Amino acid sequence: MADQTRTAYTTCPLCEATCGLELSVSGDRIMRVRGDADDVLSHGFICPKGASLGELDADRDRLRTPRIRRDGKLVPATWDEAFDAVEAGLTGVIDAHGRDAVALYLGNPNVHTLAGNLYAGLLRKVLGSRNVYTASTLDQMPKHVSCGYLFGGPFAIPVPDIDRTEFLLILGADPYSSNGSLWTVPDAPGRLKALQARGGRFVVVDPRRSRTARAADRYVPIRPGTDVFLLLGMVHELFAADLAKPGRLAEHLTGLDEVRALVTPFTPEAMAVRCGVDAATIRELARALATAGRAAVYGRIGTTTVAYGTVTSWLIDVLNILTGNLDRAGGAMFPLPAHTRRGKGSGPGFTTGRWRSRVRGLPEVLGELPAVTLVDEIATPGEGQVRALVTVAGNPASSVPNADRLARALATLDFMVSVDPYVNETSRHADVILPPPPPSRSAHYDLAFYGFAVRNVANFSPPPLPLPADLRDECEILLRLAAVFAGLGWRADVEAWQDGELRKACEQIGADPALLTGDTAAERALDLRLRTGAYGDGFGRVPDGLSLAKLRANPHGVDLGPLTPRLPEILRTPSGRIELCPQPIADAVGALADAPVPAADEFVVVGRRHLRSNNSWMHNVPALVKGRELCTVVVSRTDAERLGLVDGGTARVTSRVGRVELTVEVSDDIAPGVVSIPHGWGHDLPGVELSVASRTAGANVNRLHDDLRLDPLSGTAVLNGTPVTIEVAEPV
Ligand SMILES: Nc1nc2c(c(=O)[nH]1)N[C@H]1C(S)=C(S)[C@@H](COP(=O)(O)OP(=O)(O)OC[C@H]3O[C@@H](n4cnc5c(=O)[nH]c(N)nc54)[C@H](O)[C@@H]3O)O[C@H]1N2
Ligand SMILES: Nc1nc2c(c(=O)[nH]1)N[C@H]1C(S)=C(S)[C@@H](COP(=O)(O)OP(=O)(O)OC[C@H]3O[C@@H](n4cnc5c(=O)[nH]c(N)nc54)[C@H](O)[C@@H]3O)O[C@H]1N2
Ligand code: SF4
Ligand SMILES: [Mo]
């Protein structure tokens with residue numbers, strides 16, 4: 001028999017590194033996955049998750065038909081039955097209780113799919129509910145808010161120019177495990193090694209000696225949730241030692257003197273007792289940063305999902321700015337992705353709080369409300385109560401703090417729809433599940449992540465395998481949902497609807513819509529973005545410019561070069577300057593001068609990530625969960641000895657909101673008083689259909705995290721630094 005195997009190139013959709021993959025496909029299957037050696041950004045790098053894409057893709061627990069709840073059970077249904085039920089359920093709730101009664105929760109994979117990137121915004125718009133929630137308030141929202149205030153645009157987020165820097169200060173991030181986040185940096189370990197090989201250094205600040213910390217030139221342990229004090233002490237030192245020299249940034253800046261005055265009380269000595277890093281180290285870090293030449297400060301989950309996440313995120317860029325490292329080669333730079341245009345250099349600026357949540361009065365941020373308060377809006381009766389929920393690529397029952405309370409609330413909804421490939425902790429509550437196809441059936445272009453990439457690149461991949469007749473493209477699924485919300489009905493010709501929108505957009509710029517190429521309206525929308533983007537062909541005006549056709553002809557991607565300075569064009573502030581000392585942040589910093597010194601005898605829990613895991617949804621792939629147990633509680637040797645905990649034994653961890661039991665891992669790599677538990681586990685719930693994951697279930701750490709604790713400026717949950725007690729769990 002002739003060998004039908006062929007090669008297809010795609011971009012890995014599993015994490016932010018966007019590695020190029022070379023797939024061997026045959027029939028309807030991925031037979032083998034390798035890193036694409038010719039990929040313009042990842043140059044062949046691949047991790048165990050990407051290497052398992054074939055297994056994930058072919059997972060037998062992945063739904064191939066929709067499910068509908070009948071007599072309490074989620075049974076298979078046709079697409080017509082499922083969409084009929086969705087339309088009846090959602091319009092029923094809207095007609096009876098109004099649009100705010102329908103909540104939307106958008107999860108993390110939306111930023112990894114063309115469907116989510118192109119149409120999640122449309123869904124939000126046509127639903128017109130105040131109850132929009134996303135994983136951003138469990139993640140990076142503090143960075144959007146701090147950059148929104150500083151630069152005027154919440155997506156103007158600088159990334160370390162890793163390939164040209166000489167000094168990196170990394171706080172609360174473990175790129176060796178996560179492969180980078182808000183920082184698209186495939187093969188972060190290789191690039192960090194190259195940095196050291198050319199004589200540069202990197203320092204890691206983390207309560208746990210992570211894999212990245214082990215490779216670092218210096219590791220600085222810190223008390224969880226207190227990076228804000230370390231960074232305030234560093235800024236204080238820059239001014240005190242006359243090292244605050246923004247250089248060419250000075251002409252683009254306002255508020256420098258205000259920041260100098262603001263940090264006066266925050267001496268390294270006063271900060272040392274709050275963060276557990278001694279004053280001499282705080283000074284050394286500030287000086288190292290200021291004198292390194294090309295340097296950058298970078299912070300991630302351990303600096304955003306904490307009590308002062310927005311102020312911490314702001315301080316990171318204040319340090320980049322004060323040392324003159326923002327927007328210069330080897331510093332912290334703004335990428336210019338192919339699907340965006342250069343800016344005007346000023347704009348309306350950034351605000352939050354255009355509306356508030358009904359129950360807790362929490363301010364809107366970027367058009368959404370904090371994920372921690374979804375439960376209040378469902379569980380609290382009254383005008384405006386949430387009675388229906390649509391989740392798209394989200395698993396809030398796993399990822400949101402006080403998970404037990406949220407699970408109870410989900411069970412009380414009048415109607416729930418999940419767009420999800422699995423029956424998992426969240427979708428088991430749904431009345432209808434609409435499954436997207438596996439990754440091999442979807443076209444790919446990283447609209448979200450090229451905005452954070454360490455080089456400007458563009459890469460489009462058509463679906464590696466054709467869509468089987470029993471599946472629907474996720475773009476179609478989201479558009480049919482949008483058609484329901486828009487009152488068009490799910491049977492509307494959604495492609496024609498979207499082509500009509502594209503026609504209007506083309507008319508506005510005087511372009512001929514007939515020139516757009518692409519197999520679907522989604523691809524044509526991408527073509528429009530590319531052709532009118534910073535490197536676009538301008539519909540023929542720029543001879544070598546980019547278009548979808550050009551990307552199709554370059555399956556390994558197009559390299560658009562190293563990052564280049566973007567000031568002042570990137571700014572959207574009314575002043576056309578970087579507003580270094582925004583009032584909401586200044587107020588929050590002012591209040592920190594009186595912050596209590598943390599109790600030394602209190603245990604706190606932090607999170608961690610493993611290379612072989614990804615949030616809550618990859619534990620059903622045997623190759624990724626085999627071997628050493630991943631969902632353990634890591635405890636320091638000193639604490640273990642004091643509490644009688646033994647390696648491999650079981651510990652009971654208790655917080656204000658809940659209790660879990662976990663296998664103990666005794667370690668010399670974690671600060672005393674801190675325990676580390678990864679998130680995304682706890683798959684042994686009734687109704688979950690994950691045959692592999694439910695055997696290596698682990699426990700859900702969000703049964704411990706507290707829905708009442710959040711970063712007030714961004715509404716982001718506190719997922720690091722939750723107080724707990726820990727004890728030996730007596731065998732029952
Ligand atoms: N304690 C604690 N909690 C955390 C974190 C932490 O560090 N500690 N991290 C937080 C962070 S950073 C994040 S981003 C959130 C993530 O929170 P969520 O986005 O709520 O959860 P995920 O675990 O990413 O689940 C993604 C869901 O999408 C589904 N899915 C996968 N691929 C697709 C697809 O192509 N299409 C569709 N429609 N669905 C798909 C999966 O089956 C799964 O149900 O968790 C947060 N929660
Ligand atoms: N393999 C893998 N890769 C992933 C994911 C995954 O689940 N698995 N998830 C993806 C997602 S959604 C995201 S958002 C990114 C996250 O990317 P990262 O932020 O790089 O991921 P983490 O491994 O959670 O690293 C956070 C680190 O912060 C430390 N930390 C906790 N509290 C504090 C604190 O108060 N201060 C300081 N300085 N450090 C603290 C933790 O010990 C941990 O080492 O990873 C993405 N990539
Ligand atoms: S690092 Fe991320 S993008 Fe690269 S192969 Fe692994 S999961 Fe995929
Ligand atoms: Mo995330």
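This report describes a predicted model and the surroundings of its ligands, followed by some features of the chain.

## Basis of the model

The model is predicted, with local features requiring pLDDT of at least 70 and side-chain atom pairs counted only at pLDDT 80 or more, while totals for chains, interfaces and linings use all residues. Residues are numbered from 1 along each chain as its sequence is written, chains are lettered from A and ligands numbered from 1 in the order in which they are written, and side-chain values use heavy atoms, with hydrogens and water left out.

## Ligand 1

The shell around ligand 1 holds 30 residues, of which Tyr105, Asn108, Asp420, Glu474 and Ser616 are the closest. A residue belongs to such a shell if one of its heavy atoms lies within 4 Å of the ligand. By class, 14 of the shell residues are nonpolar, 12 polar and 4 charged. Here Ala, Val, Leu, Ile, Met, Phe, Trp, Tyr, Cys and Pro count as nonpolar, Asp, Glu, Lys and Arg as charged, and the others, Gly among them, as polar.

Polar contacts to the ligands are pairs of N or O atoms within 3.5 Å. The side chain of Ser616 has an N or O atom 2.5 Å from an oxygen atom of ligand 1, and the side chain of Tyr105 has one 2.6 Å from an oxygen atom of the ligand. A polar backbone atom of Asn395 lies 2.9 Å from an oxygen atom of ligand 1. On its own, ligand 1 has 920 Å² of accessible area, and the protein covers 96% of this. Accessible areas come from the Shrake-Rupley method with a 1.4 Å probe.

## Ligand 2

Around ligand 2 there are 29 residues, with Ser178, Asp206, Gly225, Asp227 and Ser613 coming nearest. This shell consists of 8 nonpolar, 13 polar and 8 charged residues. Ligand 2 lies between domain 1 (141–334 + 570–592) and domain 2 (603–728), because both give residues to its shell. The domain bounds come from an automatic or database domain assignment.

An oxygen atom of ligand 2 is 2.8 Å from a polar backbone atom of Asn615. Nitrogen atoms of the ligand also take part: one lies 3.0 Å from a backbone N or O atom of Val205, and one is 3.4 Å from a side-chain N or O atom of Asn720. Of the 920 Å² that ligand 2 exposes when taken alone, the protein buries 98%. Helix 6 (175–178) and helix 13 (301–304) are the elements that give two or more residues to the shell. Helices are DSSP runs of H or I with at least four residues, strands are runs of E with at least two, and both are numbered from the N terminus.

## Ligand 3 and the annotated span

The shell around ligand 3 includes Cys12, Cys15, Cys19 and Cys47, as well as Lys49 and Asn179. It divides into 8 nonpolar, 3 polar and 1 charged residue.

An unreviewed UniProt entry annotates residues 5–61 as "domain: 4Fe-4S Mo/W bis-MGD-type". Such annotations may be inferred rather than shown by experiment. The span is 16% helix and 35% strand, and its end C-alpha atoms lie 25 Å apart.

## Chain features

The structure holds 45 salt bridges, each a side-chain nitrogen of Lys or Arg within 4 Å of a carboxyl oxygen of Asp or Glu. One of them joins Asp669 and Arg209, with the closest N and O atoms 3.3 Å apart. These residues are 460 apart in the chain, Asp669 in the loop between strand 24 (659–667) and strand 25 (674–676), and Arg209 in the loop between strand 10 (201–205) and helix 8 (211–215).

Leu567 and Pro568 are joined by a cis peptide bond, with omega about 0°. Leu182 is not a glycine, yet has a positive phi of about 50°; Leu182 sits in the loop between helix 6 and helix 7 (188–197).

Note on methods: A polar contact is a pair of N or O atoms within 3.5 Å; within protein, one must be able to donate a hydrogen and the other to accept it, and residues adjacent in sequence count only if both atoms are side-chain atoms.
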